[in-house]
Amino acid sequence: MNTTELAYAKLNLTLDVLGDLPGGYHELCSVMQSTTLADRLEISAAEGCGVIDVTTDKRYLPTGENNLAGRAARQFLTKAGISGMDIKIHIEKRIPVGAGLGGGSSDAAAVLRGLNRLFSPPLDGAQLEELGAAVGSDVPFCIQGGTVIARGRGEIMTPIAAMPDCGLLLCKPGFSVSTAELFGLVDQRKIFSRPDTDGLIKAIETGSVGGVAHRLYNVFEEVIVRGRDEVALIKEMMFDCGALGASMSGTGPTVFGIFHTRQQAEKAADALGAHWRDCFPCRPADRIIL
Ligand code: C5P
């Protein structure tokens, strides 16, 4: 049995940190959006002795159950009560790593979707989200993606109207960040500006690309120290190339810009690509129907 799954990168159109949660986590409010930039996973299952084998096309990434995708597979087999099956997963990475784009979380979510398709009876969406939450805070969102308000640790989700179609450009600076480190820094800083989450939701509901673009805001842009200038420079170049709005995604450092059209985003990718290797023109992705 085998299947192919795409794992879509996520963006935080807004990201606010509201307070502390038990277990060292933070209470978030974020409008999240999946994009068409995606990793590709080949997932197969065969009779065996319960080995989970995960490989990727990037030598530096963890394999087996040290990879979030392998951990997700183990969670699935345990929950579904499946034994005596070997699972093989190969991941072709397109989403940059340590980038604020939820790549590892999305791979884990894709494994849950893929295994759920291969084995019956399938688990329902709520069960998959619960498994995902045990693997990582962004995994529940990545199971269906689309346009969602995420609260709590990120696992309490309300789907909203789809973001209006537009061009997106994702550009990762030449460094990566540790999510845990950035959340640690947020505790030490006073946050002065907050996103207008309600305004952004209204702009989405009225289909206003400009209204969405003008309300992008991520509190981690105030927090990030190393590479702050590079993030600001990428944003500036995005605006010079015609972006209607630009912001950092997640705990960074990837910056994304919103353009009226995919063609404009591609043109901007040519300009920024002269300076940064990781430039990805794409568009918003729809919610996945399970
Ligand atoms: O849930 P996940 O393993 O992806 O989170 C990675 C780290 O990010 C956590 O260990 C925690 O330090 C931080 N985090 C947080 N609050 C959240 C999500 C993540 O503090 N809501």
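## A tour from the ligand outward

Start at the ligand and select G24: one of the residue's backbone N or O atoms lies 3.4 Å from an oxygen atom of the ligand. A polar contact here is a pair of N or O atoms within 3.5 Å; within protein, one must be able to donate a hydrogen and the other to accept it, and residues adjacent in sequence count only if both atoms are side-chain atoms. This is a predicted model, in which local features need pLDDT of at least 70 and side-chain atom pairs count only at pLDDT 80 or more, while totals for chains, interfaces and linings use all residues. Residues are numbered from 1 along each chain as its sequence is written, and side-chain values use heavy atoms, with hydrogens and water left out.

**Around the ligand**

Select H26 next. An N or O atom in the side chain of H26 is 2.7 Å from an oxygen atom of the ligand. Then go to R153, where a polar backbone atom is 3.1 Å from a nitrogen atom of the ligand. To see the surroundings, show G24, Y25, H26, L28, G136, S137, R153, T179, A180 and F183 together; these residues surround the ligand. A residue is near a molecule when one of its heavy atoms lies within 4 Å of it.

**The largest pocket**

Which residues lie nearest the centre of the largest pocket? Select L68, G102, S105, D138 and T179; 43 residues line this pocket, and these five lie nearest its centre. The largest pocket holds about 1000 Å³ of space. Grid points are joined across faces, edges and corners, and a volume is the space filled by probe spheres set on the points.

Colour β1, β2 (26-47), α1 (68-80), α2 and α5 (179-188): each supplies at least two residues of the lining of the largest pocket. Helices (H or I, at least four residues) and strands (E, at least two) are DSSP runs, numbered from the N terminus. By class, this lining has 16 nonpolar, 21 polar and six charged residues.

**The second largest pocket**

Move to K58, Y60, P96, R277 and D278, the closest to the centre of the second largest pocket among the 13 residues that line it. The volume of this pocket is about 210 Å³. Strand β11 (residues 278-282) gives the most to its lining, with three residues. The lining of the second largest pocket divides into six nonpolar, one polar and six charged residues.

**An enclosed space**

For the largest cavity, select Y8, S34, S106, C142, Q144, G145, G146, D286 and I288, which line it. The volume of the largest cavity is about 40 Å³, and the structure holds one cavity of 30 Å³ or more.

**N12, in strand β1**

Now select N12, found in strand β1 (residues 2-20). Is N12 buried or exposed? N12 is buried, because its relative accessible area is 4%; buried means under 20%, exposed over 50%, and partly exposed in between (1.4 Å probe, protein chains only). The side chain of N12 makes polar contacts with the side chain of K10 at 2.6 Å and with the side chain of S30 at 2.8 Å. Leaving out residues up to four places away in sequence, N12 touches S30, V31, M32, G100, M248, S249, G250 and F256, where contact means heavy atoms within 4.5 Å.

N116 lies in helix α2 and is buried, with a relative accessible area of 10%. Its side chain reaches the backbone nitrogen of L123 at 2.7 Å. Beyond four places in sequence, N116 touches F76, P122, L123 and L128.

From there select P121, in the loop between α2 (103-118) and α3 (125-135). The peptide bond from S120 to P121 is cis, with omega near 5 degrees. Most peptide bonds are trans.

Select P253, in the loop between β9 (245-248) and β10 (255-259). The peptide bond from G252 to P253 is also cis, with omega near 5 degrees.

End at D198, in helix α6 (residues 197-205). D198 counts as exposed because its relative accessibility is 54%.

How values were computed:
On a 1 Å grid over the protein atoms alone, a cavity is a set of points where a 1.4 Å probe fits but cannot get out, and a pocket is an open set with protein on both sides within 12 Å along at least five of seven lines; lining residues have an atom within 4 Å of a point. Ala, Val, Leu, Ile, Met, Phe, Trp, Tyr, Cys and Pro count as nonpolar, Asp, Glu, Lys and Arg as charged, and the others, Gly among them, as polar.
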